[in-house]
Amino acid sequence: MRLLLLPLLLLPLGVGHAGHEDDSDLPHWVEEKITPMHDSVTNWLDNSSRNIDNFFGTDDSLTIENGSYLRFSQEFTWHERNRYDWDTALRVKLDLPTTKERLRILIESDPEESQGSLAEQGANTARSNNNFRTEDFLLGLRRLSDRDKRQDWRFDAGAGIKVRLPLDPYVRFTGERQWQLSDGPWILDSWSRASWFNEEGYSVRSRWDLGRPLNDIYHLRFITNVQWQEEVDTLEYSEGIELNQLLGSRSAIRYAVVAVGRSASHPQLYDYYLLSQYRRNLHREILFVDFIPEVHFPREQNYDAEFGVTLRFELLFRADLSWGR
């Protein structure tokens, strides 16, 4: 198995640029099954978000473009340590663009606060309950800033509950900023979030992403993550280098090398990993597939290689697809 997985980290899982690509890989009979279902859910999503927005906002909600979406994903994972696993995640965003406070209703499972350490997030090893996890299901309201993050800091605030008994309230504060360095090709993105959950306590995470296009096909990124969780009470940090490659109009692949460390007083690296993520738009920006082989070298295993592979299907419903029809 090791000999089979390692080459997959280095090979794009698809052909290069094709002269012409259709907008779907699905057979016609599958399209006929998916399209009516997708249209029905999308129309419901669009009508629901506009009706709620009209209640809180203005009549412009019936004509303005709406950014609401529903994303459903099903993930299957094999990891050398945890063997086979699977996970289901749901995220719903109901956008209310005409309300005075620019509100957004958020429904999601598998929030980043529940995804474990930085190494576990890379390996998906924190997702191990083998079912749809209602204990990680959030229902909340988020207030959006109208500032442009390219001009000034943009701060958002959100609050809600984690659906469990007893109900677990939470509060989030998020800040974003983007800089173009010296009017050149380098772009620096900053994203930070402070969270409080009644059961888990406080957590803080920050991501700094420095990147630039190398040409029309390749994009280079240097990514720094910092994370602290009250339950763990240890500062974690990671440094990664990514190279993104377009393989065609509907395919891309990401190569990444990441080092993960912990502790501010006695910093040490405790995991290195390599991964490649192949993503394919299977059907009209509605259905996507990701294939992610990876190899980890954890300190606790004396840096012996541990292999894993993830297959993920994602179904996306977006209200703006029906806007203007």
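**Entry 1: the overall picture**

How many helices and strands does the secondary structure of the protein come to? I found three helices and 14 strands. The mean pLDDT of the protein is 84, and 86% of its residues reach 70 or more.

Next I looked at the totals. The protein has 325 residues, and 46% of them count as buried. Its accessible surface comes to about 17,500 Å², with 57% of that belonging to carbon and sulfur atoms. I also looked at contacts between residues with a separation of 6 or more, and 53% of these are between residues 24 or more positions apart.

**Entry 2: the nonpolar cores**

Which residues touch the most other members of the largest nonpolar core? They are Leu-45, Leu-70, Val-92 and Leu-287, in a core of 18 residues. Helix H2 (28-56) gives two or more residues to this core, and so do strands E2 (83-96), E3 (103-109), E13 (287-298) and E14 (306-318). Strand E2 supplies the largest share, four residues.

Leaving out its neighbours within four places in sequence, I listed its contacts as Leu-45, Tyr-69, Leu-70, Ile-105, Leu-106 and Ile-107. There is also a second, separate core of eight residues, and Ala-256, Val-258, Tyr-273 and Leu-275 are among them.

**Entry 3: a nonpolar patch outside**

Which residues form a nonpolar patch on the surface? I wrote down Phe-76, Trp-86, Leu-311 and Phe-313, which together have about 340 Å² of accessible area. I followed up on Trp-86, which lies in strand E2. Why is Trp-86 partly exposed by the cut-offs? Its relative accessible area is 35%, and partly exposed covers the range between the 20% limit for buried and the 50% limit for exposed.

**Entry 4: salt bridges**

I counted 21 salt bridges in the model.

- **Asp-23 and Arg-284.** Their side chains meet in a salt bridge, at 3.3 Å from N to O. The two residues are 261 residues apart and link distant parts of the chain: Asp-23 is in the loop between helix H1 (2-8) and H2, while Arg-284 is in the loop between strand E12 (268-283) and E13. Asp-23 is partly exposed at 40% relative accessible area, and Arg-284 is partly exposed at 41%.
- **Arg-50 and Asp-46.** The closest N and O atoms of this salt bridge are 2.9 Å apart. Both residues sit in helix H2, and because they are four residues apart, about one helical turn separates them. Are they buried or exposed? Arg-50 counts as buried at 6% relative accessibility, and Asp-46 is buried as well, with a relative accessible area of 8%.
- **Glu-242 and Arg-254.** Here the closest N and O atoms are 2.8 Å apart. Glu-242 counts as buried, at 10% relative accessibility.

I also found a network in which salt bridges share partners: it joins Glu-75, Arg-279, Asp-290, Arg-312 and Glu-314.

**Entry 5: a loop residue**

Where is the place of Ser-249? I found Ser-249 in the loop between E10 and E11. Ser-249 is exposed, with a relative accessible area of 63%. I also checked Ser-249 against Asn-281: they are 32 residues apart along the chain, and their C-alpha atoms are separated by 8.8 Å.

**Entry 6: where I should be careful**

Which element has the lowest mean pLDDT, and which the highest? H1 has the lowest, at 47, and strand E7 (residues 187-197) has the highest, at 96. Over residues 12-20 the pLDDT is below 50, and this stretch has 15 contacts in the model beyond near neighbours in sequence. Over residues 125-134 the pLDDT also stays under 50, and the model has 26 contacts for them beyond four places in sequence. I left myself a reminder: where pLDDT is low, the predicted coordinates should not be read in detail.

Terms used. Residues numbered from 1 in each chain as written. Predicted model: local features only at pLDDT ≥ 70, side-chain atom pairs only at ≥ 80, totals over all residues. Heavy atoms only, no water. Buried < 20%, exposed > 50% of the residue type's maximum accessible area, 1.4 Å probe, protein only. Contact = heavy atoms within 4.5 Å. Areas by Shrake-Rupley, 256 points an atom, 1.4 Å probe, with all protein chains shown as cover. Core = buried A, V, L, I, M, F, W, Y, C linked by side-chain atoms within 4.5 Å. Patch = residues over 30% accessible without salt bridge, like charges linked within 9 Å, V, L, I, M, F, W, Y side chains within 5 Å. Salt bridge = Lys/Arg side-chain N within 4 Å of Asp/Glu carboxyl O. pLDDT = per-residue confidence, 0-100.
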